[in-house]
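This report concerns salt bridges and strand pairing in one protein model. Please consult the sequence and structure shown here.

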Amino acid sequence: MSVRRPVVRTVLPSGLRIVTEEVPSVRSAAIGIWVNVGSRDETPAVAGASHFLEHLLFKGTTRRNALEISATIEAVGGEMNAFTSKEYTCFYARVIDTDLPMAIDVVSDLITSSIVSALDVDAERKVVLEEIAMRDDDPSDLVHDLYAETYYGDTQLGRPILGTIKSISDMTRSSVFNYYKKKYLPQDLVVAVAGNIKHKRVVAMVEEALSRDNFLDVKGSPQIRPNTPFKTKPMQSVGLLTRKTEQAHMFYGMEGVARSDERRFAMGVLASALGGGMSSRLFQEIREKRGLAYSVYAYAQQFAGSGQIGFYAGCNPTKAIEVIEIIREVLADVAENGMSHEEIERAKGAVRGSLVLSQEDSGSRMSRIGKNEIVYGQVMGFDEILKAISRVNPTDVREIANEFLTKSPTLALVGPFKSEAKFEKVLKS
């Protein structure tokens with residue numbers, strides 16, 4: 001069993017943060033550069049720019065073309081990719097530990113020296129539009145974007161990460177390049193590295209790689225998202241997309257805790273107990289006892305100043321009302337009576353176990369420390385997180401359930417329905 005080493009943090013004069021976790025028992029290393037920008041930081045005119053840039057930075061830099069970027073990593077058996085969320089973007093690579101200097105150099109090159117040519121913008125625009133089409137063809141995916149739009153309205157958190165067909169089609173090379181130069185600043189970056197590494201050596205390599213093109217000399221105001229409640233426009237109760245699907249895909253949710261709320265651990269346990277696995281309350285009631293759905297799950301999500309807890313199910317369209325009524329009955333019962341000690345302990349074990357098992361490789365450890373630093377400004381100790389989960393008790397769960405599961409619900413539906421009227425009636429009953 002490997003000994004868990006403490007996470008070490010260095011802040012450069014430019015404001016760039018470097019966090020590392022040494023794992024001497026492995027032969028790999030993962031590097032991720034986390035950028036404090038996501039879709040909630042976009043104006044409607046550049047909706048989808050954060051994700052568009054995630055694609056474009058792989059198209060070529062002043063030192064490497066697109067093929068050289070991918071081939072350099074793949075030639076040593078490594079993997080490289082990126083992803084965009086509502087609040088951050090991450091570019092990462094995982095390689096054998098001896099190839100870490102090369103991986104740091106390649107990933108840093110994307111951040112400091114990407115060209116974002118007009119030809120690449122036009123070519124990659126087609127790829128992003130295909131990604132939007134793929135999302136639209138997958139109702140189990142589409143329903144989550146529909147829920148965000150229904151719950152938050154036309155706001156930064158309500159708009160899709162991918163952007164829209166119109167916003168991507170209209171985006172010019174100038175607008176996306178200016179967004180890149182404005183948002184990708186050293187004070188808004190976190191470099192996270194985990195694996196068979198040494199912190200001091202990582203800091204030296206990162207500083208050298210990111211000094212390219214005087215990147216670390218660029219000044220600007222860091223992106224700060226206040227933890228004050230996120231203001232939304234009046235929320236709809238039901239959002240419907242009519243599709244000729246064999247199943248009705250639904251997401252039923254309501255307000256949850258924001259990122260800075262210490263009750264987020266209790267909320268995570270509650271979500272797990274309600275829909276985190278085959279033994280969860282909703283899975284048992286909807287699938288096991290009644291056979292109404294194949295897929296049933298729940299999750300809690302937190303942002304700066306906002307959060308939700310929600311429940312997904314896919315079922316025969318003729319059973320949609322029945323499934324919604326079951327969800328409402330289960331939530332009402334939990335809000336009033338709480339959950340049994342056995343259910344809560346099982347959920348806590350599931351959350352703890354999932355967290356521990358997710359840290360079995362260098363890439364997962366890099367993701368944990370990078371995400372913690374970019375969203376919280378610090379890395380919470382692993383044992384501290386486990387203790388916070390362990391401290392959750394039945395009273396905590398009952399109190400948070402009573403406060404949040406009784407709030408006005410929002411329902412998103414994708415399926416062969418002509419009107420949302422009957423669903424609005426159920427929600428108001």
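## Basis

This is a predicted model, in which local features need pLDDT of at least 70 and side-chain atom pairs count only at pLDDT 80 or more, while totals for chains, interfaces and linings use all residues. Residues are numbered from 1 along each chain as its sequence is written, and side-chain values use heavy atoms, with hydrogens and water left out.

## Salt bridges

The whole structure contains 31 salt bridges (a side-chain nitrogen of Lys or Arg within 4 Å of a carboxyl oxygen of Asp or Glu). One of them joins Glu373 to Arg17, with the closest N and O atoms 3.0 Å apart. This pair links distant parts of the chain, 356 residues apart: Glu373 lies in helix H13 (residues 362–376) and Arg17 in strand E2 (residues 17–22). Helices (H or I, at least four residues) and strands (E, at least two) are DSSP runs, numbered from the N terminus.

Glu373 is buried at 0% relative accessible area, and Arg17 is also buried, at 12% (buried: under 20%; exposed: over 50%; partly exposed: in between; 1.4 Å probe, protein chains only). A salt bridge between Glu22 and Lys198 has its closest N and O atoms 2.9 Å apart. Here Glu22 is buried at 17%, whereas Lys198 is exposed at 52%.

## Strands E4 and E5

E4 and E5 (residues 89–96) pair in the antiparallel sense over 6 bridges; pairing requires at least two DSSP bridges between two strands. They form a hairpin with 4 residues between them, and Phe83 stands opposite Cys90 in E5.
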